[in-house]
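Here is a short briefing on salt bridges. Please keep the sequence and the 3D view open while reading.

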Amino acid sequence: MARKSAAFHDLLPVMAEQLGGEGLINELCNGFQLLMDKEKGVITLDSLRLNSSLLGLRDMGEAELLSMMTEGDLDGDGALNQMEFCVLMFRLSPELMEHSLSFLQHAFHNQFKTC
């Protein structure tokens with residue numbers, strides 16, 4: 001499983017608590033927009049390399065970035081679409097996952113389609 005820096009890992013539960021479901025999904029959508037390849041509309045390994053420092057991931061090495069892409073790429077196309085990115089962020093935050101099934105269902109149902 002890919003690992004994030006401790007500071008980023010700890011931020012998601014805090015964001016969820018402070019922003020609520022809708023706010024957290026909006027922030028994840030913003031994060032996706034920052035990391036994605038603007039021409040392709042998905043996060044590629046190259047766009048992740050170029051933009052990862054914008055989200056505090058500057059300390060991640062090449063192997064960690066590749067692992068993150070591999071773990072998140074649910075459809076096997078070599079890139080992360082917006083849904084795959086959001087799911088990956090939840091999966092990489094065990095504390096958030098422990099308490100988030102109903103939160104996630106509600107937030108995705110109400111907000112993901114507006115991103």
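R49 is partly exposed, with a relative accessible area of 36%; partly exposed is the range between buried (under 20% relative accessible area) and exposed (over 50%), using a 1.4 Å probe and protein chains only. The model is predicted: local features need pLDDT of at least 70, side-chain atom pairs count only at pLDDT 80 or more, and totals for chains, interfaces and linings use all residues. Residues are numbered from 1 along each chain as its sequence is written, and side-chain values use heavy atoms, without hydrogens and water.

**Overall count**
- The whole structure holds three salt bridges (a side-chain nitrogen of Lys or Arg within 4 Å of a carboxyl oxygen of Asp or Glu).

**Salt bridges of R49**
- R49 pairs with D46 in a salt bridge, N to O 2.4 Å.
- Both residues sit in helix 2 (residues 45–51), three residues apart, about one turn of the helix; helices are DSSP runs of H or I, at least four residues, numbered from the N terminus.
- D46 is partly exposed, at 48% relative accessible area.
- R49 also forms a salt bridge with E62, at 2.6 Å from N to O.
- This pair links distant parts of the chain, with R49 in helix 2 and E62 in helix 3 (residues 62–72), 13 residues apart.
- E62 is partly exposed, at 41% relative accessibility.

**Salt bridge of R91**
- R91 and E71 form a salt bridge, their closest N and O atoms 3.4 Å apart.
- R91 lies in helix 4 (residues 82–91) and E71 in helix 3, so the pair ties together parts 20 residues apart in sequence.
- R91 is partly exposed at 33% relative accessibility, whereas E71 is buried at 14%.

**Network**
- D46, R49 and E62 form one network, joined by salt bridges that share partners.

Conventions:
Helix = DSSP H or I, 4+ residues; strand = E, 2+ residues; numbered from the N terminus.
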